[in-house]
Amino acid sequence: MGLGRVQFHRQDYAAAIATFDTVIEQQRNFVAAYDWRARALERKGDPAAAQDSLQAAVAVSPKSVQRQRALADIADFNPDYDTTEKARRQALRVGRASVLRQPTDFSGLARVLVKQGNAKEAARIVDQLRHECRNDPRAGLVAAVAESGVHQALGRPEQAQAVLEDALELVRNQPELLDEAAGNELIQTCLAQGCTDQAHEMARALVKNHHDDEGVLSRLSRVYEEAGLAEAGADLISTARKEVVDLNNEGVALVNAGKIEESIDFFTNAVKVMPNNAVFNLNAAHSLVLYMKHSGPSREHLSRALDYIRAAERDEIHRDWRNNLKRACRSMAGAMQNG
């Protein structure tokens, strides 16, 4: 499994698939191998086979919110809407009273119901979303996007546009709300309603927050392909990605030149604009750690560094870097306690 994951992250998807096949041959009930095989197949450009792999995993272990969610996502793309609906409903059942349940589990179900011509049932699901996820800060955004799609399906374009604008304004005021799942739903809805400029605005923000995550960028490309705008999507992703890489290189150059305080200010300001970008959050923490190594640790700087590290907690690509920074912070905290 470790070898297969390394091959996957090196983007050698054919080798990764072969490795996961070997694991499955040796242990048919090792469901994680099916999950990773599906990811590799999707990246390799075979979504139908990826769905088959996930359905095999679900047959062995159906009580996983993440697995049902992944199956629903790929089935929605294929498009196999019956499977999408079934997997969305199962994700909601399995995730009941669980911290793993997300507002997008509801909105994804509402969206597929709209595609199946059942907008009234979709409206009921949106109401359920607002009630059951009322304590989730992203619920308002996700519900507004889903509601806009319902209004559009029911022949209420003015109401659809008004609710969509509310969602866009939420993101502009609170950019941290734009995670991948909510972002893709918002971009899809904008494109479906002809709001291309707004879709591009949100897509650029999504790329800037996940510029080195090939999975996120691949799924965003798919959104544009489904809308018949594959070339525009590719150009947007390439341009936004280069902007972020250039900006990050500018901050790293400050660190390399020994201008640590300037780098702290630089990455702090960058994170305000790209709050979900793991690289900028970890660079901000790294700059603070370097500063404390030279000037001595303080509770304020340790707290800030740990906040940045926590902001990158879900990122798998830079797990080792994140863990090294955690250890450095713990070491400094221990040194402070020991006087």
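In this predicted model, Asp315 touches Ala278 and Arg322, apart from residues up to four places away in sequence. Asp315 is located in the loop that joins α17 (299-311) and α18 (319-337). The residue is buried but forms no salt bridge. Arg322 is the nearest side chain of opposite charge, at 4.6 Å; a salt bridge would require a side-chain nitrogen within 4 Å of a carboxyl oxygen. The side chain of Asp315 does reach the backbone nitrogen of Ile317, at 3.3 Å.

Selected distances are listed below.

| Pair | Distance |
|---|---|
| Asp315 side chain to Arg322 side chain | 4.6 Å |
| Asp315 side chain to Ile317 backbone nitrogen | 3.3 Å |
| Leu113 C-alpha to Tyr81 C-alpha | 8.5 Å |

Leu113 belongs to helix α7 and is buried, its relative accessible area being 2%. In sequence, Leu113 and Tyr81 are 32 residues apart. Beyond residues up to four places away in sequence, Leu113 touches Glu85, Arg89, Asn118, Ala119, Glu121, Ala122 and Ile125.

The largest nonpolar core comprises 44 residues, and those with the most contacts inside it are Leu141, Leu186, Ile187, Leu220 and Tyr224. Helices that each supply at least two residues of this core include α7 (103-115), α10 (157-173) and α14 (230-256). The largest share, 8 residues, is contributed by α9. With neighbours within four places in sequence set aside, Leu186 is in contact with Leu141, Val145, Leu164, Ala167, Leu168, Val171, Leu178 and Met202. A second, separate core has 27 residues, among them Ile264, Ala284, Ala312 and Ala328.

Conventions: Residues are numbered from 1 along each chain as its sequence is written. This is a predicted model: local features need pLDDT of at least 70, side-chain atom pairs count only at pLDDT 80 or more; totals for chains, interfaces and linings use all residues. Side-chain values use heavy atoms; hydrogens and water are left out. A nonpolar core is a set of buried Ala, Val, Leu, Ile, Met, Phe, Trp, Tyr and Cys residues joined through side-chain atoms within 4.5 Å. Buried means under 20% relative accessible area, exposed over 50%, partly exposed in between (1.4 Å probe, protein chains only). Helices (H or I, at least four residues) and strands (E, at least two) are DSSP runs, numbered from the N terminus. Contact means heavy atoms within 4.5 Å. Lys and Arg count as positive and Asp and Glu as negative; His and the chain ends are not counted. A polar contact is a pair of N or O atoms within 3.5 Å; within protein, one must be able to donate a hydrogen and the other to accept it, and residues adjacent in sequence count only if both atoms are side-chain atoms.
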